[in-house]
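Good morning, colleagues. Please take a moment to look at the chain on the screen before I go through it.

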Amino acid sequence: MKLSARSGLVAASFALSIAVGVALSRGAKTGAATASASARPLIGLSLDTLKEERWQRDRDAFQKKADELGVDLLIQAANSDDTRQMQDVQALISRRVGALIVAPHNGAAMAKAVSLAHEAGIPVISYDRLITGADEDLYVSFDTVRIGQMQAQALLAAVKGRRPIRLVRIQGAKTDNNSFLLKQGQDQVLAPLIAKGEVKVVHEDWAEDWRPENAKKIMNAALTSHGHAIDAVLCANDGTAGGAIQALSEEGLAGKVAVVGQDAELVACQRIAAGTQSATIYKPTRLEVGAALDAAIRFIKGRPVVARDELDNGFGKIPTVLRDTVVVTRANLLDTVVKDGYHSYDEVYDGVPADARPKRP
Ligand code: GAL
């Protein structure tokens, strides 16, 4: 093994030991490490919303995995309301949960939740979305910058030949750090092409609270300004992609304009099968949920947590665990979401005439 590779390996494992140490020391600092190892762990889960299908799946996956692991789980959902989410967190703290997992509606607003939990000796895991300006003990998510890159690459692949690509960009909620990570990844792919004049962003805006109806308004505004001179729409997730496709459909453009989203929602996979959406990003919920619950249990039992990455959240470097995702297009629906059991063959091809469907696996 070459010295450089070897030293790289050593460096990686050294970093790993540092990362492991950082995660444990945070847990120990909040007193979680002193929690009795024998009691059945009680974990609190505070979700922003259950509005999107993916969060309903997260909730169900958390409950299923918690049952398998023999831990008790208290789940709260705040309906995209910051005040409500703070109340939810305070209620979970008062129930003396051994660890708190939070998917923040507003990453900055939930910094207070971390302080309150730490005052009560409870470690906090930022789930899927980063809490900013606080020293949470761990961040568990998918690689969202990478997702942004994958979205942009899938969109470019879907617009065959045409240059410059006249592009509409519909970003996510500005309260969600993921929206900025997605844009960062997309920009890494698009910026050189924009500079060369191969891509032209004709309209861009942010969909408040990720609401499909807000995405539809943005798409309507783009169509009003540019008519049918639009080749592609890059949407932050499948909910906003659905709103954009509704607006396109009203103009008879559904299926004629490339649209990319994220989350592999069933309706998005159905649109991909039918040809009105070009691609989505499949984020295997079980991977993210499993990593979060495993870390929470380790914090409670005072065991080390392996965190190979770290992300600066404005307060400092947060130990980070990231899971991988995969691009889903019409070509690989069967090999991804259907093979994984995320959606069934009949669900995905529900709107597709039997003679136009791929062979049932
Ligand atoms: C993001 C999440 C996406 C998307 C969105 C809407 O933070 O990473 O998967 O669904 O929220 O809730």
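This is a predicted model: local features need pLDDT of at least 70, side-chain atom pairs count only at pLDDT 80 or more; totals for chains, interfaces and linings use all residues.

How many helices and strands does the secondary structure of the chain come to? The count is 12 helices and 13 strands. The chain has 361 residues, of which 52% count as buried. If we take the contacts between residues at least 6 apart in sequence, 72% of them join residues at least 24 apart.

Let me turn to the nonpolar cores. The largest nonpolar core has 28 residues. Which of its residues have the most contacts inside it? They are Ile 43, Phe 62, Ile 101, Ile 125, Tyr 127, Leu 138 and Leu 293. Two or more residues each are given to this core by β1 (42-47), α2 (53-69), β3, β4, β5 (138-142) and α10 (285-301). The largest share, 9 residues, comes from α10. Apart from this core lies another, of 20 residues, and among them are Leu 223, Cys 235, Ala 244 and Leu 248.

Neighbours within four places in sequence left aside, Leu 138 is in contact with Val 124, Ile 125 and Ser 126, with Ala 295 and Phe 299, with Val 305 and Ala 307, and with Ile 318, Pro 319, Thr 320 and Val 321. One of these partners, Val 305, is found in the loop between α10 and β11 (309-312). Is Val 305 buried or exposed? Its relative accessible area is 4%, so Val 305 is buried. Val 305 and Asp 137 are 168 residues apart in sequence, yet their C-alpha atoms are 10.0 Å apart in space.

I now come to helix packing. Two packed helices are described by the angle between their axes and the distance between the axes. Helix α5 (residues 144-158) and helix α6 (residues 177-195) pack at an angle of about 45°, with axes 7 Å apart. That angle makes α5 oblique to α6. The crossing of α5 and α6 is right-handed. On the α5 side, the residues in this contact include Thr 144, Val 145, Ile 147, Gly 148 and Leu 156; on the α6 side, they include Asn 178, Leu 181, Leu 182, Val 189 and Leu 193. How many residues of the contact of α5 with α6 are nonpolar, polar and charged? They divide into 9 nonpolar, 10 polar and no charged.

The second pair is α3 and α4. Their axes come within 10 Å and cross at roughly 10°. Because angles under 35 degrees count as roughly parallel, α3 is roughly parallel to α4. Here Met 86, Val 89, Gln 90 and Ile 93 in α3 meet Lys 112, Ala 113, Leu 116 and Ala 117 in α4. The residues of this contact divide into 6 nonpolar, 1 polar and 1 charged.

Let us stay with helix α4 (residues 111-119). Ala 111, Ala 113, Val 114, Leu 116, Ala 117 and His 118 are buried in this helix. Against what do the buried residues of α4 pack? They pack against α3 (82-94), β3 (99-102) and β4 (124-127). After α4 comes Gly 121, whose phi is positive, near 75°.

This leads to backbone geometry. Most residues other than glycine have a negative phi, and most peptide bonds are trans. Where does the chain have a cis peptide bond? One joins Arg 163 and Pro 164, with omega about -5°. Pro 164 has its place in the loop between α5 and β6 (165-171).

Two further residues belong under this heading. Asp 263 is not a glycine, yet its phi is positive, about 110°. Asp 263 sits in the loop between β9 (258-260) and α9 (266-274), and its relative accessible area of 6% means that it is buried. Ala 264 is likewise found in the loop between β9 and α9. Phi of Ala 264 is near 50°, a positive value, and at 0% relative accessibility Ala 264 counts as buried.

I finish with Asp 48, which lies in the loop between β1 and α2. At 4% relative accessibility, Asp 48 counts as buried. What does Asp 48 touch, not counting residues up to four places away in sequence? Its contacts are Ala 77, Ala 78, Asn 79, Ser 80, Gln 85, Ala 103, Pro 104, His 105 and Arg 129.

Conventions. Residues are numbered from 1 along each chain as its sequence is written. Side-chain values use heavy atoms; hydrogens and water are left out. Buried means under 20% relative accessible area, exposed over 50%, partly exposed in between (1.4 Å probe, protein chains only). Helices (H or I, at least four residues) and strands (E, at least two) are DSSP runs, numbered from the N terminus. Contact means heavy atoms within 4.5 Å. A nonpolar core is a set of buried Ala, Val, Leu, Ile, Met, Phe, Trp, Tyr and Cys residues joined through side-chain atoms within 4.5 Å. Axes are lines fitted to C-alpha atoms, for helices over the stretch in contact, and angles run from 0 to 180 degrees between N-to-C directions. Angles under 35 degrees count as roughly parallel, over 145 as roughly antiparallel, 65 to 115 as roughly perpendicular and the rest as oblique. A crossing is left-handed if the near helix is turned anticlockwise from the far one by less than a right angle, and right-handed if clockwise. Ala, Val, Leu, Ile, Met, Phe, Trp, Tyr, Cys and Pro count as nonpolar, Asp, Glu, Lys and Arg as charged, and the others, Gly among them, as polar.
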